[in-house]
Every structure is written in structure tokens, then in C-alpha cells.
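Hello,

Here is the structure you are taking over. My notes follow below it.

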Amino acid sequence: MAATRLHGRLLRARSGTALLTATILTFVLVSVTAALLGQGVSEVREVEQLEGELARVYAAESVVADVQFASLKSPYDSKGNTWLRTPPGSTMVKNKAGAQIGWLWTPAQALTGAKARLRAANVLVPGSTTAVGGVFAGNMVPETAMGPWKLDRSGYVELPDASGYFSVTGIAIYLGAQHDPITGQSTLRELESRVTVEIGERDDFSRYLWFIANSGVTVGSTMVHGLVHSNNTITFAGGGAQLFETVTGVKAFAFVNGATLQNTTFYKGYDQSAPTLPLPTSADVNQLQAQTEIPQGSTSSPYDVSTTNARYPSTPFNTEIQLTAGAGITGTQVKLTLRNQVDGSILKTSTLPLPSNGLLYVGGPVTSLKGDVNGKLTIASSDRVNLTGSLRYVDGNGDPAFVLKDPQGSPISTNTATGVNWKTAGYTYDPNPKYHDPATGDTEPKSVVGIVAVKDITLTAACPYNMEFHGAVFSATGNWHGDTSMVKGNLRIVGSLTCNTQPWAYSLSDLKGWGVSRDYIYDENLTTNPPRYFLAAKYPTFGAWRKNDKEGAWLWARK
């Protein structure tokens, strides 16, 4: 009997243990299953969120693409790109004073059965780097009724909601500056994404390292660090050319004297069927005369150096320009020497500071230009411009923008011995870390120089054996070239060259001119800081797009 009771207790104990174990296992399995299901649901939600964000971003980017496509197709009138200045179907936005501050624009496809919500509380104001708040209140009023749009309490412009699911809307702002922002916006399930890109009405010619309008151009065995375009044929001679940015030509490339497509290196690609880009004319150059700065209280400008200005002689003259900057000098001194075109006698001398608007116009030939610049200056000439010495950017301490370095990386003088080839010797021409270095107390903006001429821009025989040139040049009817009457040495250009016909630095037959070595380096500062009044193409330009979801800051402020 005792054994039977003991056996029953053991059975009950085992049954209890089994039940407990089963209960624990069931709880664990349920917990694991719930966790896996939760994780799965979370992952599904994350995937849905990612897919939704991608859809919104692509939809917003499509608005930007619409603006780009429309502006590329648009004609130009005397004021500029007609589409950008008045986007069809847009609503003009003005401030309280009645001045236009931009356009509200929605692509046509967004008007058909889509909820388009456009944040109207942050529209860029001309000349400002910040957006203004308020729902069209105080600072902003729409010029006309919003049509099908309405303004809700949250500060959005809202279209009739047909689907309630997905919408695309955009804003195109054109305020006449170098670059202005376009923002595309999309809404999906009440979530928004925005994409912003900067657009320029005209493509600044200073963005090209080389631009040749009405002839071909020959590229030898050299290094080219910038965009290259020709409205004709680009010929590669000798082989070994290295082109570090995109190369475009209207006609097919030619390869001669051993050059082939295989031994020519295009690091960023090329296009042999690019569109023709017309060059501005002599009249465009000469209209800059009317843009020169007139001091307050005066009726004429000291920066209009021409026989039609009572400040200067009526006798035809040649102009010599010496630029001086560096330690102990505030900004840049512009020394003008005016010589009689017949006998060379000095008619007038004058020393001026840089013009506040950055423009100096010369009505006639500039027969000498050289020196150092600390600031912004565009020199326009109704004739030719002759360089007679190096032209360099320096800062307030006298530090140049670029320095020559030996193979060990130590700065050395550019006045190297005759016959020394900088490339063969392993020398490099590099940005100077001391140039505008805040650690040295110099916090001024970087310098930029533009030379705009109707005729040729020439490196004359008076230029040094080793020549340095910093700046962007533009010739409406001629070209940029080096004198080939004497043997010169090494040439280093930092900037941009735009010409009507083919430029050259030396003679291929006898290497006279700067035939020892050459390096053409694009000045990246020109992309966002082109020379003032530098001429531009009738072709829009676009920056890279970026995702921009910050509330209250969805228009990219101009730099």
C-alpha cells in the first residue's frame, strides 16, 4: 500500500513537472514567436517607410527635372531666359511694397487629381540669405487669387484633393541673381520630402577652363584640369594628354601625330556631339562701359577710361595698368598710365582703389597689364589686352594663391634657371596653404580677376621666362595666345580661357613661346564666385540636387 502511494506521488510529481515544463516552453515559444512577428512587422514598416521616402524624393526630384527641361528648351530675349522669368501657370509673389520676390509654380501633372501642398511660409527674398516666415502675412501677399488653391490654417497652399494619397508640387524662384534655388516637394501619407537645386539663368563662361567658339582647338601632351568645350573640332596631338574634367565638342574629335583615343585620358568622360553655344558679341563687351561705378555727387566715373569721359584726354591713348597688392596695402592699387597712341608721350596718370562694383572699362587698347591682385576686378577693353608680366592673386600678407614646390614638397622660387622643365624636374604648382589663412590673420574673400576684350589677349615677349597667370579671360572676336618671337619657359595658368578662335602658348614647329612646360588649372572659386560682369552664355546651368527636408529652410540660400 505504501509503495502504491509512493508511486502515485511520483507520478503526480512527474506530471506536475511536465506540466510546468510544458507551460514554460509554451511561454517561451509564444514570446519568441511574438518577438519574431514584431520584428517582422517592424522590418516591413521600415521597408515601407524607406520605399515611401524614396518615392517622395524621386517625385520631388521630378519637379526639379521639369524646371530644368523647360528652361533648357526656353528661348532668350533681351532680359534673359523667358521661361525662368515667367513660368507659365505660375503665381507671382510680391512683398508689401509691390516688388516681386518670386514665383509659385506647380507642374501641370500635379494639378490633375492630386493633393498638392506647397509650404508658403518660407520664400526667399531678393538679396537675402534667409527665408521669411508667415503665411503670406505681413511681408508677403499673392498678386492674384490662388485659383483652385486655398490656404489652410497650417500654412500650406492646398489643391483640391482627388486621390488623397500622393502629390507633387514645386516652386520656381527667379530673382535675377547668379544662381537661385528651385525646390521640388512631394507629399505621401502626410509625409513630405523636398529636393533643392541651384539654377543659373545663364551658363557663366568662367566655368570652363577652355571654351573656343568658332574654330577648333589642338590639345598637346599636357594636363588640363577643367571643363573644355569647342563649337568645332577638338584635335589631340602627340598623345598622352590628361583631361581631368568633361570634354565636349560639337564635332567629332581628331587624333594626330601619334595621339589616339586609347592614349588620351578622359577622367570625367567626353561628348562629341554637344550643342553649339554662341559667344557674346563685341557690343556685349562695350555695353559694360555704362555699368562702371559713378561716385556719389559726380556725373562721371573714374573707372570709365575712355576719350568720351571728360575725366580723361580726348586724344586717342593706350592704357597701361599696374596692379599692386600685398603687405602694407589695403586691397589693391590700380595705377593707370595713359600714353599718346602716336608718340607714346604720357597724357595722364592716375592711381585708384579697386572699384566697389569690381568693373574697370577701357575704351581702347590695354598695352600693358601686370601685377598682384587682392580683391575682385574685371577689366573690359573695347580693343586688345597685352600682358607684360605675371598676374597673380595675393592676400593681405602678400602670400600668393599658388606656389611652386620641389619634389620634396618645399616651396621654391618660380624664377628657376633657363631650360629647367618644371615637370621633368618633378616640380608642382600647388595651392598655397598660407593664402587667406585665418591663422595668419587674413580673413578676406579670395581674389578673382576677369579680363574681357573685343580683340586678342596676348602674353607678350615682355612677360617673364616663367609666366604665372591667375584669372578668367574672354575674347569676343580674337583669342588668347602667347608671343612666339622668343623662346620662353614654363607657363602656369589658374583660371579660365574663353576665346572666339583657337588659343596657343607656343609654336609647335620650333617651341618658341612657352614651350618648355605648361599646366592649365581651373580655379574652382570661379564656380561660385565668377568675375563681376563677366559675360555669360544663353544656356542655363544647374548645380547638383540635394535632399532638403528641414522645415523652415527648404529653399537653399544663395552663397
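The average pLDDT of the chain (the predictor's confidence in each residue, from 0 to 100) is 75, and 66% of the residues score at least 70. This is a predicted model, in which local features need pLDDT of at least 70, side-chain atom pairs count only at pLDDT 80 or more, and totals for chains, interfaces and linings use all residues. Residues are numbered from 1 along each chain as its sequence is written, and side-chain values use heavy atoms, with hydrogens and water left out.

Among the elements, the highest mean pLDDT, 98, belongs to strand S23 (residues 304–305), and the lowest, 29, to strand S6 (residues 140–142). Strands here are DSSP runs of E, at least two residues, numbered from the N terminus.

Two stretches need care. Where pLDDT is low, the predicted coordinates should not be read in detail.

The largest nonpolar core has 84 residues, and Trp-210, Ile-321 and Trp-480 touch the most other members. Such a core is a set of buried Ala, Val, Leu, Ile, Met, Phe, Trp, Tyr and Cys residues joined through side-chain atoms within 4.5 Å; buried means under 20% relative accessible area (1.4 Å probe, protein chains only). A second, separate core of five residues includes Trp-83 and Ile-199.

Beyond its neighbours within four places in sequence, Trp-480 contacts several residues, including Trp-504, Tyr-520 and Cys-499. Cys-499 is buried, at 0% relative accessible area.

Regards

Technical notes:
Helices (H or I, at least four residues) and strands (E, at least two) are DSSP runs, numbered from the N terminus. Buried means under 20% relative accessible area, exposed over 50%, partly exposed in between (1.4 Å probe, protein chains only). Contact means heavy atoms within 4.5 Å.
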